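The sequence and the model are shown first.

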Amino acid sequence: NNEIKYITSLGLMQVTGSNFEPDKKITYAQMLEEVLKLLGTGALVNAAGGYPDGVMAYGATLNLYTKNANDQMSVNDMCKLLYSAFDKNVTEGYFTQGYLSDGKFTYKESDLTFTEKWMDLTVVKGIMTDDGISALGKESIGNKRVMIGSDVYTAEADCPGLLGYKVKAYISTANDTENTMYAVIKNGQNTVTEIDSADFDK
């Protein structure tokens with residue numbers, strides 16, 4: 001199908017050989033190998049032993065979602081694995097001496113994360129000060145507009161109940177004229193204190 005042709009044209013997956021067979025169910029090690037390629041670590045994985053041992057070892061060093069190498073991947077597993085890669089920086093290779101086959105090549109992390117390179121999304125972290133319905137200390141700007149800190153975004157995701165929470169949001173960088181927020185989640189650094197009306201003096 002068109003999706004398989006596109007992926008193989010990028011060199012991310014190989015139809016021939018034993019590592020990728022598009023008509024069969026994919027295993028964790030196979031899926032992890034492709035995610036690591038998207039992260040630019042293919043050569044480093046090969047140096048660590050290749051498929052599957054080097055794949056499993058390098059995935060562990062990046063703290064990616066883990067399963068047993070031969071476990072079949074469900075859609076839920078694939079989402080978890082991809083999500084665990086979202087904030088990882090993509091590795092890029094550089095010639096440090098000479099040219100092409102006689103040159104020395106080195107690898108280092110770039111400033112681009114997985115989502116920035118492949119999905120045109122950047123991660124923003126901060127306090128939700130306006131959820132499009134209510135705001136902290138002022139009237140909400142509304143109209144599908146929300147604020148994280150003092151920055152305004154167009155919300156494609158529902159935000160009710162997140163006012164005042166520390167959040168992590170995924171913002172589209174594809175359009176230079178508008179910052180569109182496609183997803184927002186609590187970032188695990190929130191403490192909620194509930195106060196009952198009976199706790200107040202009359």
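A residue is called buried when its relative accessible area is under 20%, exposed when over 50%, and partly exposed in between, using a 1.4 Å probe and protein chains only. Helices (H or I, at least four residues) and strands (E, at least two) are DSSP runs numbered from the N terminus. The model is a predicted one, in which local features need pLDDT of at least 70 and side-chain atom pairs count only at pLDDT 80 or more, while totals for chains, interfaces and linings use all residues. Residues are numbered from 1 along each chain as its sequence is written, and side-chain values use heavy atoms, with hydrogens and water left out.

The protein has six helices and seven strands, in the order α-α-α-α-α-β-β-α-β-β-β-β-β along the sequence. Of its 202 residues, 32% are buried. The accessible surface, from the Shrake-Rupley method with a 1.4 Å probe and only the protein chains shown counting as cover for residues, is about 12,800 Å², and carbon and sulfur atoms hold 50% of this area.

In H2, 10 of the 11 residues are buried: Tyr28, Ala29, Gln30, Met31, Leu32, Glu33, Glu34, Val35, Leu36 and Leu38. After H2 comes Gly40, with a positive phi near 80 degrees.

A nonpolar core is a set of buried Ala, Val, Leu, Ile, Met, Phe, Trp, Tyr and Cys residues joined through side-chain atoms within 4.5 Å. The largest one has 19 residues, and Leu32, Val35, Leu36, Leu39, Leu64 and Leu81 touch the most other members. Helices H2 (28-38) and H5 (75-85) each supply at least two residues of this core, and H2 gives the most, with six. With contact meaning heavy atoms within 4.5 Å, and neighbours within four places in sequence left aside, Leu81 is in contact with Tyr28, Met31, Leu32, Val35, Leu64, Tyr65 and Met73. A second, separate core has 15 residues, among them Tyr153, Leu162, Tyr165 and Val184.

The strands remain. Two strands pair if DSSP finds at least two bridges between them. Five strands form a closed barrel in the order S3-S4-S5-S7-S6, with mixed pairing. The twist from one strand to the next averages 55 degrees, taken between N-to-C directions on a scale from 0 to 180 degrees, with axes fitted as lines to C-alpha atoms. Strands S3 (residues 121-130) and S4 (residues 145-148) pair in the antiparallel sense over two bridges. Met128 stands opposite Ile148 in S4.
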